[in-house]
Amino acid sequence: MGWDLRTGHERCLTAWNKSDDPSPGDFSRGIELHVNSELVMRKGSQEYYKAGPYNGQRFSGTEISRPNPVAVTIFVFNEKEVYMSYCLKNKSLISRVFLNQTDYTTQRFIWSEDTQTWNLYSYMPRDFCDTYGCCGAYSYCDNTQLPPCQCLEGFEPKSPSKWSSMDWSQGCVRKKPLNYQQGDGFIQYQNLKLPDVAHSWMSRSMNLKECQNKCLQNCS
């Protein structure tokens, strides 16, 4: 899956409309093209799942943190093309990736010679928190908490009544305006998927301190 940057041609996967209807459905999986290209699944034109930017070993927003024992992810990003592919570590294995139009998941199956059946190996999205934008702006999702949607520090629900009724679509807003002259700055969060990077920019030479100072100059 990916893009030929010379011709603008995109290669992506699209689910069947139904199990007995091979016409294209509205569920697709491909590479979103921007400075931090990432794996994206869509319902029609609506973003449904994002895997986060590639960090050299995996897409950073995926739950799997250990090396994949079945397949190696290959991600290429240069001036001519951007694409990803999988290479099986054990060449004797037979594996397939299936886009399920019914429950909107991408599933990987492995063939069992012993039982002569396809066994489900992995799938995504894995849970509610994997769904793109499920908690709205300036919030994060944590399945270990109730409710799973929480506002970032310094923010509060935009609509407290909807938030308390488990409608988190409007997200959170700042409790007070930013004021860097009075000490406002950055708070570190761990084990969270990066925010949407479609409209971000990237510097290959800037360190974290320089990045922080650059961001503090843009309070918009």
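Biologist: How many helices and strands are there in the protein?

Modeller: The protein has two helices and 15 strands. Those are DSSP runs, with helices (H or I) of at least four residues and strands (E) of at least two, numbered from the N terminus. This is a predicted model, where local features need pLDDT of at least 70 and side-chain atom pairs count only at pLDDT 80 or more, while totals for chains, interfaces and linings use all residues. Residues are numbered from 1 along each chain as its sequence is written, and side-chain values use heavy atoms, with hydrogens and water left out.

Biologist: What does the C-alpha trace span along its principal axes?

Modeller: The span is about 65 × 45 × 35 Å.

Biologist: What share of the residues counts as buried?

Modeller: Of the 220 residues, 30% are buried. Buried means under 20% relative accessible area, exposed means over 50%, and partly exposed is in between (1.4 Å probe, protein chains only). The protein exposes about 14,700 Å², and carbon and sulfur atoms supply 51% of that. Those areas come from the Shrake-Rupley method with a 1.4 Å probe; for residues, only the protein chains shown count as cover.

Biologist: Which residues touch the most other members in the largest nonpolar core?

Modeller: They are Phe27, Ile31, Leu39, Tyr49, Phe59, Phe75 and Met84, out of 17 residues in that core. A nonpolar core is a set of buried Ala, Val, Leu, Ile, Met, Phe, Trp, Tyr and Cys residues joined through side-chain atoms within 4.5 Å.

Biologist: Which strands each supply at least two residues of this core?

Modeller: Strands E4 (21-32), E5 (38-43), E6 (46-53) and E8 (81-88) do. E6 gives the most, with three residues.

Biologist: What is isoleucine 31 in contact with, leaving aside neighbours within four places in sequence?

Modeller: Its contacts (heavy atoms within 4.5 Å) include Met1, Trp3, Leu39, Phe59, Phe75, Val82 and Met84. Glu10 and Glu38 are also among them.

Biologist: Which cysteines does the second core include?

Modeller: Cys135, Cys149, Cys151 and Cys172 belong to that separate core of 10 residues.

Biologist: Switching to charges. How many salt bridges does a search of the whole structure find?

Modeller: Five. A salt bridge is a side-chain nitrogen of Lys or Arg within 4 Å of a carboxyl oxygen of Asp or Glu.

Biologist: Which residues are linked in a network of salt bridges?

Modeller: Glu32, Glu38, Arg42, Glu47 and Lys50.

Biologist: Which side chain does aspartate 4 meet in a salt bridge?

Modeller: Aspartate 4 meets arginine 6, at 3.3 Å from N to O. Aspartate 4 counts as buried because its relative accessible area is 17%, whereas arginine 6 counts as exposed at 55%.

Biologist: And where is lysine 80 found?

Modeller: Lysine 80 sits in the loop between strand E7 (71-77) and E8. Leaving aside neighbours within four places in sequence, lysine 80 is in contact with Trp3, Asp4, Leu5 and Arg6. At 43% relative accessibility, lysine 80 is partly exposed.

Biologist: One more loop. Where is aspartate 130?

Modeller: Aspartate 130 is in the loop between strand E11 (117-124) and strand E12 (139-141). Its relative accessibility is 11%, so aspartate 130 counts as buried. Leaving aside neighbours within four places in sequence, aspartate 130 is in contact with Tyr48, Tyr49, Pro125 and Lys193.
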